[in-house]
Amino acid sequence: MRLPDLGVLPGAIEQFSAHQTLKMFERACRIRAFEWGVKLAHDQRKSDGSKHIQMPIYLSMGQEFVASSVAESFLSKVQPALFGQHRCHDIYLAFGGRPEGLRDELLHKDTGCAGGMGGSASIHSPPIKMFGTDGFIGTNVAIGTGYAYATREPTIIFFGDAAAEEGWALESFGWAAFQKLPILFICVDNNMSVLTEVDVRRNWNVVDVAKGFGIEQSFDLADDPWTIMNRVRMIDLSCPALFNIHTVRHWWHNGTGCDGPPEWDRMAIVKKVLDRAGLFVQAHKLEREVNFDVEQLWLEAIPDLDLTEWRDNR
Ligand SMILES: Cc1ncc(C[n+]2csc(CCOP(=O)(O)OP(=O)(O)O)c2C)c(N)n1
């Protein structure tokens, strides 16, 4: 059952300082703003008619609070190794990747975080210990598990609800449980494999299967950031855990199309919670500053980028 309040712990915001909440919110705002810049750069053309971005792009719009809350939970303690799949701009930005590096990567420049050769689907960044992926869904789950086995370093593996169906992902859960590896598996469950919903594809739940493999710390929850941060606090990170986080991809699997209003917009829900917590003014100021920064970032690379659509959608 997909609901925006699935597994949400009421009042979870009270467990965190205003400072921590606002830092988490800032990460999410930066992701949303950045993805707007990518959309505009993708949709608009250069004066000679050629494209600014010539590769397929996979946007995280709508899913921002998954990576931003997990990052907020970890980064004050440790810089974990990160294994994402093709939809990974959010992970890179949330965990402190330089936005210029991602922008340049998408614009095919050698100053990009992967030298302009990885592209949207394979964001690789040694400074933040983020490993690019190969394009086969779920292989990052197996490779990340091997990394944690070899190094015993804290490792976070983000994968989609479709990747969870690959044999090598399921086998990795078993190995991680058997070896008690320090891995947080995050299934970013946006309900879609391209256009096919989870219920059409399978009759099992990844949390039940992970528990069956011995990952006792397995939870189904919606993308409420404070619930996610709470769950991270409560688990033992020295052994494996799995969160299946229900979230919503606002734009198409690939590119910038949109099929209508999303199931929910976590950003709008979070802003209401911030308002009730008396943080509206600070949050609003922060969002404006981030938007300004990210506008400058894109204008620096594409001075004639028309920002109207983004500004109209704020
Ligand atoms: C092994 C494998 N099978 C099929 C594909 C084709 N494919 C690319 S993306 C995708 C859907 C991925 O969905 P999910 O893992 O849920 O991630 P999301 O795109 O929703 O973020 C599929 C089936 C692939 N890349 N690799």
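Reader: How big is the largest cavity in here?
Author: The largest cavity has a volume of about 50 Å³, where a cavity is a set of points on a 1 Å grid over the protein atoms alone at which a 1.4 Å probe fits but cannot get out, and the volume is the space filled by probe spheres set on those points. Please keep in mind that this is a predicted model, in which local features need pLDDT of at least 70 and side-chain atom pairs count only at pLDDT 80 or more, while totals for chains, interfaces and linings use all residues. Residues are numbered from 1 along each chain as its sequence is written, and side-chain values use heavy atoms, with hydrogens and water left out.

Reader: And how many cavities of 30 Å³ or more come out of that rule?
Author: The count comes to one cavity of 30 Å³ or more.

Reader: Which residues line it?
Author: The lining of the largest cavity, meaning residues with an atom within 4 Å of a point, is made of F74, P154, T155, P182, I183, L184, L237, C239 and A241.

Reader: Which way do its residues point?
Author: A241, F243 and I245 point one way from β8, whereas L242, N244 and H246 point the other way, and all of them are buried.

Reader: Which strand pairs with β8 over six bridges in the parallel sense?
Author: There are two to name, with pairing taken to need at least two DSSP bridges. Strand β4 (residues 183–189) pairs with β8 in the parallel sense over six bridges, and H246 in β8 is the bridge partner of D189. Strand β7 (residues 217–222) also runs parallel to β8 and is joined to it by six bridges, with D220 standing opposite N244.

Reader: What's the order of the whole sheet, then?
Author: Six strands form an open sheet with parallel pairing, in the order β2-β1-β3-β4-β8-β7. The strands at the edges are β2 (130–131) and β7, each of which pairs on one side only.

Reader: Back to β2, how many bridges does it share with β1?
Author: Strand β1 (residues 81–83) and β2 pair in the parallel sense over two bridges, and the bridge partner of F83 in β2 is F131.

How values were computed
Buried means under 20% relative accessible area, exposed over 50%, partly exposed in between (1.4 Å probe, protein chains only). Helices (H or I, at least four residues) and strands (E, at least two) are DSSP runs, numbered from the N terminus. On a 1 Å grid over the protein atoms alone, a cavity is a set of points where a 1.4 Å probe fits but cannot get out, and a pocket is an open set with protein on both sides within 12 Å along at least five of seven lines; lining residues have an atom within 4 Å of a point.
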